[in-house]
Amino acid sequence: MPVEVTWWGHATATVEDSGVRLLTDPLFVRRLAHLRRRRGPVPDGRAAVADAVLISHLHSDHLHLPSLARLAPGTRLIVPRGAPAALPGLRRTAAAGELPLTELAAGEETAVGPLTVRAVRAAHDGRRLPYGPHRVPALGYVVRGTATTYFAGDTGLFDDMADEVGTCDVALLPVGGWGPFLGHGHLDAHRAAVAAARLAPRDAVPVHYGTYWPIGMDAVRPHEFHAPGQEFVRQSALLAPEVTVHQLEHGGSARLAAGR
């Protein structure tokens, strides 16, 4: 059975494996604070259909409470350990929507039907900015089913990334951001290609680019909005030629072969 990946924009994607739908970092809005969605429609109701949701960290463009409120009752939320304590609104949203919560720390795993979801470390600031100092470690997730799929969340390169993740068939890698300058703890197209070379998946899907941009900054380094996906394709061809890159349009899907 093939694995299907649908990219809805930013870090939001659906991974379907063995009949189970996992949704990553759902963000279903036209505008978030100073950010405006500039490419792709706001995801429709299909995107909110999931058996479980993987939340990588507390930043509001990854853990967005109004988007979680759109999920059907019974949808399971898998979050970094400590997130409900650090963010009471998460507890309230989960209780109101009847969304069961599972907390994981790096190295811990849980089952979602026939799939195993393992949390792995991410090199990224875990604070809930700008609301307070609470810090919960950011995570990536490795999903093992018909294939092994790595969702990196938001992360920088770190030396033992390949050891943390292990062998994977598919990698969803962030290649950009939502502003003209990337801070620490992020991958740009080049660093994402280095990650692809180290991880050596069979297939890679670039995410976290070309969706949101600060209002009033359209003319500031616009290539950082438009170029990261194609630049990742180019850099991967140089650094990781054995990896097949699937650059998806917003709402586009790729059906990938089963694991090795």
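The chat below goes through the cavity, the strands around it, the cores and a pocket.

Q: Before we start, what is this model and how are residues numbered?
A: This is a predicted model, in which local features need pLDDT of at least 70 and side-chain atom pairs count only at pLDDT 80 or more, while totals for chains, interfaces and linings use all residues. Residues are numbered from 1 along each chain as its sequence is written, and side-chain values use heavy atoms, with hydrogens and water left out.

Q: How many cavities of 30 Å³ or more are found?
A: A search of the whole structure gives one, and the largest cavity holds about 50 Å³ of space. On a 1 Å grid over the protein atoms alone, a cavity is a set of points where a 1.4 Å probe fits but cannot get out, and lining residues have an atom within 4 Å of a point. Grid points are joined across faces, edges and corners, and a volume is the space filled by probe spheres set on the points.

Q: What lines the largest cavity?
A: Its lining consists of Val15, Leu22, Thr24, Leu54, Tyr141, Val143, Thr149, Tyr150 and Phe151. The elements giving two or more residues are β3 (20–24), β11 (139–144) and β12 (148–151), where strands are DSSP runs of E with at least two residues and helices are runs of H or I with at least four, numbered from the N terminus. The largest share, three residues, comes from β12.

Q: Ok, and which way do the β12 residues point?
A: Thr148 and Tyr150 point one way and Thr149 and Phe151 the other, and all are buried, meaning under 20% relative accessible area with a 1.4 Å probe and protein chains only.

Q: What does β12 pair with?
A: β11 and β12 run antiparallel and are joined by four bridges, with Val143 having Thr149 as its bridge partner in β12, and a hairpin of three residues connects β11 to β12. β12 also pairs in the parallel sense with β13 (residues 170–174) over three bridges, and there Thr149 has Val170 as its bridge partner; two strands pair if DSSP finds at least two bridges between them.

Q: Switching to cores, which residues have the most contacts inside the largest one?
A: In the largest nonpolar core, which has 50 residues, they are Leu22, Tyr141, Tyr150 and Phe232. Such a core is a set of buried Ala, Val, Leu, Ile, Met, Phe, Trp, Tyr and Cys residues joined through side-chain atoms within 4.5 Å. Helix α5 (residues 189–199) gives the largest share of this core, six residues. Apart from it lies another core of 22 residues, among them Val53, Leu77, Val79 and Leu90.

Q: Is Leu68 buried or exposed?
A: Leu68 is buried, because its relative accessible area is 0%. Leu68 sits in helix α1 (residues 65–68), and, not counting residues up to four places away in sequence, Leu68 touches Pro26, Val53, Ile55, Leu63, Leu77, Leu90, Thr93 and Leu99, where contact means heavy atoms within 4.5 Å.

Q: Last one: what about the second largest pocket?
A: Its volume is about 190 Å³, a pocket being an open set of points with protein on both sides within 12 Å along at least five of seven lines. The pocket is lined by 16 residues, of which Val175, Asp188, Ala189, Glu224 and Pro228 lie nearest its centre.
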